[in-house]
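Q: I have a structure to go through and I'm new to it. Can you take my questions one at a time?
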Amino acid sequence: MAKRVIAHLDCDAFFASVELQRRPELKGLPVIVAGTGPRAVVTTASYEARKFGVGSAMSAAEARRRCPQAVTIPPDHQAYSEKSREVWGLVRERVDVLQQAGIDEAYADLTGIDKPLPFLRELIAAVKEQTGIQISAGIAPNRLVAKIASDLGKPAGFVAIGREQCAAHIADRSPRIVPGIGPKTAARLAEMGYATLGALQNAPVVELQERFGERYGHDLHRRAHLHDESPLVTTRVAKSRSVETTFDVDVADHAELESILRGQSKRLAEGLQRAQTRGRTVAIKVRLDDWTTVTRARSIDAYINDEATIIAVALELFREYAPPRPVRLLGVRVAGFEGVEEEVAVATPHEIPPGQLVLFAVG
């Protein structure tokens with residue numbers, strides 16, 4: 001049986017990152033996303049603001065006191081939801097089993113994937129390239145350890161660690177570092193003499209059960225040792241794979257665009273071959289400088305994943321469309337996988353409104 005490999009994927013300072021994409025002049029400055037009312041709280045803060053002790057759920061007034069020079073931006077939840085759908089949509093194209101845990105985080109089951117760490121690095125790089133969002137990842141044998149690990153290297157963290165390694169690595173931290181152990185429980189544990197996770201790991205189960213009840217006492221003991229067999233509850237089969245590039249400067253030269261399309265097709269073919277996946281529909285996506293987005297698709301008789309065929313069909317589709325304006329985004333996709341119900345390709349234009357690396361052995 002394959003060793004279980006679970007990744008926790010967490011978007012770094014997600015709301016602030018979305019705002020900085022829209023306001024690039026603020027990059028490098030302390031930025032706080034928060035409302036303006038007397039009871040407003042910080043929804044997120046850039047890492048520059050976090051250096052001053054500003055954190056999520058802190059009152060906006062306290063945040064401004066700690067960092068008076070910070071730029072405060074009111075939250076735009078519609079923009080965050082749209083960016084979230086874009087990020088996790090890309091992840092779902094490559095990961096078959098994904099459980100989204102919030103607007104900016106998800107768990108991915110990488111069990112059985114050949115070389116899961118390079119696979120995940122490539123996925124994170126693709127998300128960063130296509131959406132501008134940096135993901136920190138924790139990779140571990142279970143969800144609990146993966147969740148903790150994703151925070152250990154932020155921002156742009158990439159931490160792979162085994163259960164016993166992680167339990168020893170954070171033994172001097174408060175039990176609150178473990179999901180499911182809140183501030184009230186941590187305070188009660190401190191009163192009992194278990195102010196650190198290491199102390200809690202050595203606590204007699206019977207004593208914990210006497211104080212917290214039989215069931216929760218047992219659960220606390222298991223959590224202290226980072227045991228977790230809970231499965232991911234959302235399963236989705238990838239129906240397509242794609243490679244897209246958003247250009248810093250719009251590209252009008254068709255020869256240059258065809259060269260880019262060849263490179264994208266090569267990368268896409270390599271990914272399909274690694275996943276041992278083949279499809280029979282090749283599509284391109286072209287977004288013009290006025291945000292008009294066009295897709296063109298063609299289905300062929302055989303299931304393929306070879307570079308030559310993908311390039312040939314993609315170039316035919318591109319030349320038939322012949323973009324009439326400079327191109328903002330270009331992409332290629334393969335769908336119609338063997339054994340998977342095929343998606344219907346849209347061929348009509350439509351308007352769209354405008355690390356740190358820390359590596360431990362997986363055990």
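This is a predicted model: local features need pLDDT of at least 70, side-chain atom pairs count only at pLDDT 80 or more; totals for chains, interfaces and linings use all residues.

Q: OK, start with Asp228. Where does Asp228 lie?
A: Asp228 sits in the loop between helix 11 (214-224) and strand 9 (240-251).

Q: Which residues is Asp228 in contact with, leaving aside neighbours within four places in sequence?
A: With those neighbours set aside, Asp228 is in contact with Arg4, Asn142, Arg143, Leu144 and Arg222.

Q: Is Asp228 buried or exposed?
A: Asp228 is buried, and it has no salt bridge. The nearest side chain of opposite charge belongs to Arg143, 4.6 Å away. A salt bridge requires the nitrogen and the carboxyl oxygen to be within 4 Å.

Q: What polar atoms does the Asp228 side chain have around it, then?
A: The side chains of Asp228 and Ser230 are joined by a polar contact of 2.7 Å.

Q: Switching to salt bridges. How many does the structure hold?
A: There are 23 salt bridges in the structure. As background, side chains of opposite charge can pair when their charged atoms come close.

Q: Give me one. What does Lys147 pair with?
A: Lys147 forms a salt bridge with Glu105, and the closest N and O atoms are 2.9 Å apart. This pair links distant parts of the chain: Lys147 is in helix 6 (residues 143-152) and Glu105 in strand 6, 42 residues apart.

Q: Is Glu105 buried or exposed?
A: Glu105 counts as buried because its relative accessibility is 15%, and the cut-off for buried is under 20%.

Q: Another pair, please. What about Arg319?
A: Arg319 forms a salt bridge with Glu258, with 2.9 Å between the closest N and O atoms. Arg319 lies in helix 13 (residues 307-321) and Glu258 in helix 12 (residues 254-274), so the pair ties together parts 61 residues apart in sequence. Arg319 is partly exposed, at a relative accessible area of 48%, whereas Glu258 is buried, at 13% relative accessibility.

Q: And which residue does Asp290 meet in a salt bridge?
A: Asp290 meets Arg325, at 3.8 Å from N to O. Asp290 is in the loop between strand 10 (279-288) and strand 11 (292-304), and Arg325 is in the loop between helix 13 and strand 12 (327-337), 35 residues apart. Asp290 is partly exposed, with a relative accessible area of 33%, and Arg325 counts as partly exposed at 38%.

Q: Which residues do salt bridges with shared partners join into one network?
A: Glu19, Arg22, Arg23 and Asp76 are joined that way.

Q: New topic: the nonpolar core. Which residues of the largest one touch the most other members?
A: The largest nonpolar core has 33 residues, and Leu9, Trp88, Val91, Leu120 and Ile139 touch the most other members. Elements giving two or more residues to this core include strand 1 (6-11), helix 4 (77-94) and helix 5 (116-131).

Q: What does Val91 touch?
A: Not counting residues up to four places away in sequence, Val91 touches Leu9, Leu98, Leu123 and Val127. Another core lies apart from the largest one; it has 28 residues, among them Leu261, Ala269, Val294 and Val332.

Q: Last one, on cysteines. How many disulfides are there?
A: The count is zero disulfides. As for individual cysteines, Cys67 is buried, with a relative accessible area of 1%, and Cys166 is buried at 0% relative accessibility.

Technical notes:
Residues are numbered from 1 along each chain as its sequence is written. Side-chain values use heavy atoms; hydrogens and water are left out. A disulfide is a pair of cysteine sulfur atoms within 2.5 Å. Buried means under 20% relative accessible area, exposed over 50%, partly exposed in between (1.4 Å probe, protein chains only). Helices (H or I, at least four residues) and strands (E, at least two) are DSSP runs, numbered from the N terminus. Lys and Arg count as positive and Asp and Glu as negative; His and the chain ends are not counted. A polar contact is a pair of N or O atoms within 3.5 Å; within protein, one must be able to donate a hydrogen and the other to accept it, and residues adjacent in sequence count only if both atoms are side-chain atoms. Contact means heavy atoms within 4.5 Å. A nonpolar core is a set of buried Ala, Val, Leu, Ile, Met, Phe, Trp, Tyr and Cys residues joined through side-chain atoms within 4.5 Å.
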